[in-house]
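Hello,

Please find the structure below. My notes on its helices follow.

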Amino acid sequence: MSQEIEITGLNKSFGQGAAAFHALRAIDLTIATGEFFTLLGPSGCGKTTLLRIIAGFEEPSTGVLRINGKDVTGLGPDKRPINTVFQSYALFPHMSVAQNIGFGLKMLGKPKSEIKATVAEMLQLVRMEAMADRLPSEISGGQQQRVALARALAPRPRVLLLDEPLSALDLKLRKEMQSELKRLQTETGITFVFVTHDQEEALTMSDRIAVMSAGEILQLGPPQEIYNAPVNRFVADFIGDTNFLRLRLRVKAVAAGEAVLELPGGKQASARLPASISPPVGSLVTAVIRPEQAEPTPAGQGEMQAVVASATFFGTDTHLHLLLDDAQGFVLRRQNRPDQPSPAPGTKLGLTFAPGALRVLED
Amino acid sequence: MMGCAVARSRFSITRLPGFGLIAILTFVMLYLPIVILVAFSFNEGISQSRWEGFSLQWYQAAFNNSQVRDVSLRSLWLAVTAASFATILATLAALGTTRVGRFPGQTMIYALINQPLMVPEIVTGIALLIFVAAIKVQTGYTGMGYLVAAHTAFCIPFAYLPIRARLETLDHALEAAAADLYASPIQAFRYITLPLMVPGILAGFMLGFVISLDTVVITEFVKSAGQDTLPTYMLGQLRRSVTPEMNAIATLFLALSLMIVTAFFFITRTRGR
């Protein structure tokens with residue numbers, strides 16, 4: 001697979017000297033052709049700045065940006081084979097849907113017949129044929145979203161940038177557009193760079209995710225890896241729900257990347273230990289386990305013992321808020337089944353989990 | 001129910017004693033003199049206080065008065081010219097103060113542009129009189145240029161305000177989107193910014209036009225002999241005798257202003273969406 005976007009040693013700061021704000025620090029990143037790549041992080045983490053630098057709306061303070069092997073640093077947005085779907089859609093209010101979609105091609109100086117054909121094709125691609133002559137103010141938010149997509153796709157860019165494009169839609173429409181986006185990406189084969197703060201959106205759509213915080217990329221990998229093997233506390237906390245436990249390290253490096261921890265109640269369990277950290281034996285470490293990766297057992301059995309403090313019903317499943325033997329809290333996700341009512345507060349139960357579910361994390 | 005209770009207990013100025021009376025008096029003061037002026041423009045006799053029957057004779061007199069025709073045409077020409085120049089300059093000023101990011105002295109420039117809104121007109125008038133007199137002595141030129149320049153400068157803030165207001169509501173992302181879609185800066189301006197500014201520009205032109213048509217003080221101090229506009233001519237006539245011919249001219253003047261203000265209203269409302 002060839003490299004579509006190549007970013008090396010990129011820094012971006014706003015302001016000068018001691019008052020300077022470092023929006024991006026030492027970003028190195030390659031995005032492959034045809035990839036659905038997501039920049040994920042809380043607001044202010046630098047993901048939108050990075051997107052704006054790729055689009056050409058901002059210049060990096062230092063570093064190089066290559067698109068399809070060509071250095072585009074210093075080129076304006078109108079000189080890059082990249083189009084953007086804006087968070088606010090930014091549809092031109094005085095132009096019809098068709099004129100909006102055809103704008104990029106018109107600016108590229110394409111002949112009228114070609115513009116007409118491409119616009120028709122794009123309208124069909126986003127299923128908006130019936131709306132061609134409407135003004136943006138005359139269509140719904142979801143339809144505006146489709147038009148914004150079609151407008152950005154019409155010039156056949158090498159890369160499509162999407163800046164939180166689904167954040168203004170309601171939940172049901174958002175779900176629809178998620179699969180729509182994925183379909184469009186597969187059909188067109190264009191590289192998508194998607195910016196979001198919604199971890200679920202990132203997990204369901206992306207080929208790879210870069211989790212960002214404070215201007216840095218903390219972890220880069222496929223959704224499964226990000227979810228199952230978060231590199232630090234921030235990533236574990238930001239992606240999905242997780243239980244953080246303070247546990248004592250008993251044995252280090254049983255095998256490569258493995259350790260033994262002492263659980264509340266005294267039993268010992270093996271946990272994965274990333275090679276990057278090396279806490280001393282006998283010290284307290286932070287370990288994580290996902291709420292759905294532990295299972296309830298009858299009281300007295302399993303690795304840990306717990307008491308149900310409360311339960312929250314979520315439809316498909318119930319979150320049981322438990323207190324462990326040493327008073328640490330633990331959330332257990334239990335799928336709802338009509339034949340198994342969820343245990344009442346005060347119920348004692350045991351907990352077991354698959355080997356490898358428990359991970360030691362860098363603090 | 002909660003919402004209603006809150007709304008009912010909120011302070012409402014309409015329930016103060018005398019509110020209705022003050023409101024009615026205000027409207028009477030605003031409109032009754034104008035209604036009387038218009039009514040007596042149709043009076044058959046010369047009286048401004050006794051109705052003697054309906055007639056269009058004062059309109060006829062006004063139309064047949066070649067002096068009235070001359071000053072009306074001069075007023076219209078001056079208003080169109082000054083409002084055009086003012087609108088062009090105001091458009092550039094509005095672009096400069098809203099589309100280039102913050103720069104030092106921005107608020108200062110904003111205040112400077114709006115000078116005519118803050119400096120009393122009579123001060124500007126006297127200043128212009130002295131200034132223009134000096135130039136006249138030096139150059140010997142006594143044409144309409146002085147009036148055009150003075151009216152243009154005076155109209156700029158009135159043209160500037162609606163244009164700037166329009167630009168401020170324009171999403172910067174639209175221009176970014178145009179650039180993203182391969183439009184050069186000039187194309188982005190030509191296809192996106194300018195068309196979207198049009199309602200503001202039209203509104204600015206109309207306001208400037210009405211202001212120029214209306215101003216007495218500036219014209220009075222700047223004009224040379226034989227450069228009366230309609231307002232200064234009427235002022236001159238009123239010093240001698242008040243005939244309903246003046247009512248007729250004022251009524252026509254009012255009709256023109258109303259038409260422009262109505263057009264202004266519809267343009268900003270329908271195109272401003």
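In chain B, α7(B) and α8(B) cross in a right-handed way (right-handed if the near helix is turned clockwise from the far one by less than a right angle, left-handed if anticlockwise). This is a predicted model, in which local features need pLDDT of at least 70 and side-chain atom pairs count only at pLDDT 80 or more, while totals for chains, interfaces and linings use all residues. Residues are numbered from 1 along each chain as its sequence is written, chains are lettered from A and ligands numbered from 1 in the order in which they are written, and side-chain values use heavy atoms, without hydrogens and water.

Helix α7(B) covers residues 121-139 and α8(B) residues 145-168; they pack at about 150°, with axes 11 Å apart. Axes are lines fitted to C-alpha atoms over the stretch in contact, and angles run from 0 to 180 degrees between N-to-C directions. Helices are DSSP runs (H or I, at least four residues), numbered from the N terminus. The two are therefore roughly antiparallel (over 145 degrees). From α7(B), the contact (heavy atoms within 4.5 Å) uses B:Glu121, B:Leu128, B:Val132, B:Ile135, B:Lys136 and B:Thr139. B:Tyr146, B:Ala150 and B:Phe154 are the partners from α8(B).

Helix α2(B), residues 19-41, has 23 residues and reaches 34 Å from first C-alpha to last, close to the 33 Å expected (1.5 Å times one less than the number of residues). A kink of about 35° lies at B:Tyr31, shortly before the proline B:Pro33 (the angle between axes fitted to the seven residues ending there and the seven starting there).

Regards

Definitions and conventions
Parallel < 35°, antiparallel > 145°, perpendicular 65-115°, else oblique.
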